[in-house]
Amino acid sequence: MIKTATLDVTQIEPRLKHPTIFEHFDSLVQGEGFEILNDHDPKPLYYQLLGERGNIFTWEYVENGPEWWRVRIHKPAEQGHQKTTVGEIAAKDIKKAEVFKKLGIDFCCGGKKTLKQAAQSIGMDEAQLQQELENAKSSSSAGTQHDFGAWDIGFLADYITNVHHRYIREQGPIIEQLADKVSMRHGSEHHELYALATGMHAFMQDLYQHIQQEEQKLFPIVKQLDTISVSDKNQLQDVIRYMEHEHEHAGDELRQFRSLTKDYKLPENACNSYTYLFEKIQEFENDLFQHIHLENNILFPKVIAMEK
């Protein structure tokens, strides 16, 4: 195809807009780029490009409304491990996922980060992080680990529903009640507990709706991938991008809760309920990260690959 320095999206037939942009992007060699011109913010394109091509491009607003949006899309030259994301690494090797967890690297909601970006986020040199991952090969991992990557996508979807969705529905209300109880008891001394209780209610309500949408809109299509129509396949990609966006939002909220409670540091006068609340939230966080990891880094990529 003929590449152009600037692609005027407003002149392209609506159904061909994204395919045309993807053709332009795919034709780039590393180090090349182009601009798109549009009459509205093309942010949904960013999420689609990120979801289907991975973190192999840069996205820069040259002009940001209110009448015209101009975005520079660039495919950087590959440098070492730059192309591999932490989500991909964690999905392939559970021992390396444990290294990320130990170091505080988010490989679930932030799974599209490159190894270099992940290292920078914790103030570590990329080579040092790579060495930590190499050392994990010789370390033992406690307990039996499932090979989720080898599972059938329908079976994996059922596992997520029966294990992680069930956990949310059972433990979510318990945490909400505990948050209310502890804020009423200790909120006058520790005002952040009021914000924690309010935020926890909103967070759980969003999460209940999220898993219901997965069960009603996403997983039924996933289980019938071989028989669905082209329009359903297009809808499937939209649903996956939306779910990934909500996962990012959930990760942001969990980080806010940690900031609010100073990483769940208990005061000296903390009662049993106070202690139990913080333990339950951290347990819930661990389960949710595993839940999101299974979807973002294993289920969704497998579905997209099979759909193509």
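**Exercise 1. Strand 2 and its neighbours**

Take strand 2 (residues 33-38): how many of its residues are buried, and which strands does it pair with?

*Solution.* Start with burial: six of the six residues of strand 2 are buried, where buried means under 20% relative accessible area, exposed over 50% and partly exposed in between (1.4 Å probe, protein chains only). Before going on, note that this is a predicted model, in which local features need pLDDT of at least 70 and side-chain atom pairs count only at pLDDT 80 or more, while totals for chains, interfaces and linings use all residues. Residues are numbered from 1 along each chain as its sequence is written, and side-chain values use heavy atoms, with hydrogens and water left out.

Next, sort the residues by face. In a regular strand the side chains alternate between the two faces of the sheet. Here Gly33, Glu35 and Leu37 sit on one side, with Phe34, Ile36 and Asn38 on the other, and both sides are covered.

Now the partners. Helices (H or I, at least four residues) and strands (E, at least two) are DSSP runs, numbered from the N terminus, and two strands pair if DSSP finds at least two bridges between them. Strand 1 (residues 6-8) runs parallel to strand 2, with three bridges; leucine 7 has isoleucine 36 as its bridge partner.

**Exercise 2. The hairpin**

Which residue between strand 3 and strand 4 takes a positive phi?

*Solution.* First, line up the strands: strand 3 (residues 58-64) and strand 4 (residues 69-74) are antiparallel and joined by six bridges. Tyrosine 61 faces valine 71 across the pair. Then look at the four residues between the strands: glycine 65 has the positive phi, near 75°.

**Exercise 3. Helix 6**

Which residues of helix 6 (residues 126-135) are buried, and what caps its N-terminal end?

*Solution.* Pick out Leu129, Gln130 and Leu133, the buried residues. Looking down the axis of helix 6, these fall within an arc of 100°, so they line one face; the arc is that of the directions from the helix axis to the C-beta atoms.

For the cap, go to aspartate 125: one of its side-chain oxygens is 3.0 Å from the backbone nitrogen of alanine 127.

Finally, glutamate 132 makes a salt bridge with lysine 102 (3.8 Å, N to O); the term stands for a side-chain nitrogen of Lys or Arg within 4 Å of a carboxyl oxygen of Asp or Glu. The two are 30 residues apart, with lysine 102 in helix 4 (residues 94-103). Glutamate 132 is partly exposed, at 26% relative accessibility, and lysine 102 is exposed, at 61%.

**Exercise 4. A histidine in helix 9**

Is histidine 247 buried or exposed, and which residues does it touch?

*Solution.* Locate histidine 247 in helix 9 (residues 230-260). Its relative accessibility is 3%, so it counts as buried. Leaving out residues up to four places away in sequence, histidine 247 touches Cys109, His210, Glu214, Ile292, Glu295, Asn296 and Phe300, a contact being heavy atoms within 4.5 Å.

Terms used
A polar contact is a pair of N or O atoms within 3.5 Å; within protein, one must be able to donate a hydrogen and the other to accept it, and residues adjacent in sequence count only if both atoms are side-chain atoms.
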